[in-house]
Amino acid sequence: MENTGAQILSEAAFEKLFRAHFKGLCFFAQRYVKDLEAAREIVQEVFVLLWEKRSTIDPEKSVKSYLGTSVYNRCLNYLRDNKKFKKDLLIAEHLFTESYAETSDFVVADEISRAIDTAVAELPEKCREIFIMNRFGQMKYQEIANKLQISIKTVEAQMSKALQHMRIRLHDFIMLLLLILYILKK
Amino acid sequence: METNQTYYSELIHKYFSGEVRHDEINEISDWIGKNENNRKEFDEINEVFQLFQSKAVETVVDVDDEWMKFKASVSYAGQPEQDIYTLKPQRMGRKLWLVRVLQYAAIFVLLAIGGYFLYYHLNRVTEEVLTATGETIKEALPDGTKVTLTTGATLSYPSKFKDTKRKVKLEGEASFEVVHDESQPFLVDAGTVQVEVLGTVFYVNTNAAGNHVEVKVTSGSVAVFYSENPESRIILHAGENIVLSKSGPEEIVPETMLPTVSGKLEFDDQPLSNIILRLNKIYHSDIRIEGEHTGNCRMTATFENQTLDAVLNVIKATLDVTVTGKGKTLVITGKGCK
């Protein structure tokens, strides 16, 4: 009752916030956990937590950094719990100190999206199937091996083959992306 | 070198796919720390994966869907219950209500039955019997009183002392160390003779030679009386003992069984018959009472290390009786009391 109305997030404001940040946070989280499904769950949990605390949070100021910090902490916990926490690697990936605020301007340019589609289409059929299952179907190597009745080694080899091809085909875009990021940061 | 490079590229692919084990993470970490080329390889694979991932997030994650999921999870946790109830048909609610009531009723009935049995079990008084068959046994009674039974003795007592007196029944020889409790005197039922105490150490033998009951007091005091005449009590103090005939107050106790007394002799509103009985035992005397009602006269007196003459003088003066005879063979006569 003592709270000033301005400080309580209305449901409409909350939905707006949710829609604005959900994907960005998922992208942020998957960089740590390397698993889009786990990332999605972490972001859901963080929003549920924010909802429960919505009366104590100033919507003007801290929501974005609150969300980023919460996701960051949960991701590190996830890595720790799954015995995949390695500080050196997180530093190498520029993830150890990076905040969500810096990586949040997440957009995928249509050109890049189309370039990926083209490169995927160029892959041999079996290889393409496996690559799509893994990268866009969010299936684990083991799940793919089970579904296609092949060994996990075969899945690994096919994935490697696909990724080598994609790297070559997308090389220019990677360079371009790095350049854009460099300009934006300046 | 070439195969090595492929091996690590595959390992890094696995890493970004979330497929590596803990030891492989360490392997990658070591490898990229070795030189700048390795580091570049790692960065490039990272970049290409981020391209895929940005597209994956864009295509796989459906924000409308996520919002629905979010609303579902917070509505269970945070929405007023009313909202959930209205979703359920009324009839279903009533059925659940009935099931809930029956569940509680069942729990209540089970608890009541369990409670009743527990209460019954805890409060049930059973008769316990102790018998010293081969050797002397020591046992504690429910109130903490210690009892030592000599071979052949049998003691019966309730598993719980719930009556106004802690009553035990003895046949044979036993010593007691009674826990003090004024509100609940300890009573030894030795057949015709009863011994009542508040808290003391004493000895009872219901099978003393010549059909007698013997009581010895080590500490404290006890009251000894015949079951048929509980009003006539003989108070025994520490160091005193008494031998009573089982068949009744009239019978004279044989001299060989007479006890010696030391210390106080206390009569608390006792009839003369009892006093004389007591004196006969203590002083090894043969005093008889003549006159139908003389024995009924009551008196209260305390004697400490007195001669029999001195005691008799007090009795004469108090009850207005005459004492005739010689030595320890005496006759008391008086007008009698009602």
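1. Confidence in chain A. This is a predicted model; local features need pLDDT of at least 70, side-chain atom pairs count only at pLDDT 80 or more, and totals for chains, interfaces and linings use all residues. Helices are DSSP runs of H or I with at least four residues, strands are runs of E with at least two, and both are numbered from the N terminus.

2. Over residues 1-6 of chain A, pLDDT stays under 50. For this stretch the model has 3 contacts beyond four places in sequence. A contact means heavy atoms within 4.5 Å. On conventions: residues are numbered from 1 along each chain as its sequence is written, chains are lettered from A and ligands numbered from 1 in the order in which they are written, and side-chain values use heavy atoms, with hydrogens and water left out.

3. Two loop residues in chain A. A:Lys34 is not a glycine, yet its phi is positive, about 55°. A:Lys34 lies in the loop between α1 (11-33) and α2 (36-52) of chain A. It is buried, at 8% relative accessible area. Buried means under 20%, exposed over 50%, and partly exposed in between (1.4 Å probe, protein chains only). A:Gln138 also has a positive phi, near 55°. A:Gln138 belongs to the loop between α7 (125-135) and α8 (141-148) of chain A. At 25% relative accessibility, A:Gln138 is partly exposed.

4. Chain B overall. Chain B contains 8 helices and 18 strands. It has 338 residues, and 40% of them count as buried. Take the contacts in chain B between residues at least 6 apart in sequence: 45% join residues at least 24 apart. Chain B exposes about 18,900 Å², and carbon and sulfur atoms supply 53% of that. Such areas come from the Shrake-Rupley method with a 1.4 Å probe; for residues, only the protein chains shown count as cover.

5. Helices α7 and α8 of chain B. The axes of α7(B) (residues 272-282) and α8(B) (residues 308-319) come within 12 Å and cross at roughly 175°. The pair is therefore roughly antiparallel. Axes are lines fitted to C-alpha atoms, for helices over the stretch in contact, and angles run from 0 to 180 degrees between N-to-C directions. Under 35 degrees counts as roughly parallel, over 145 as roughly antiparallel, 65 to 115 as roughly perpendicular and the rest as oblique. B:Leu272, B:Ile275 and B:Leu279 of α7(B) meet B:Leu308, B:Val311, B:Ile315 and B:Leu319 of α8(B). The residues of this contact are 7 nonpolar, no polar and no charged. Ala, Val, Leu, Ile, Met, Phe, Trp, Tyr, Cys and Pro count as nonpolar, Asp, Glu, Lys and Arg as charged, and the others, Gly among them, as polar.

6. Helices α2 and α3 of chain B. Here α2(B) (residues 22-34) packs on α3(B) (residues 36-60) at about 125°, with axes 5 Å apart. The two are therefore oblique. B:Ile28, B:Trp31, B:Ile32 and B:Lys34 of α2(B) make the contact with B:Asn38, B:Arg39, B:Glu41 and B:Phe42 of α3(B). This contact has 4 nonpolar, 1 polar and 3 charged residues.

7. B:Ile289. B:Ile289 sits in strand β15 (residues 286-290) of chain B. At 27% relative accessibility, B:Ile289 is partly exposed. Not counting residues up to four places away in sequence, B:Ile289 touches several residues, including B:Leu272, B:Thr294 and B:Ile332.

Methods
pLDDT is the predictor's confidence in each residue, from 0 to 100.
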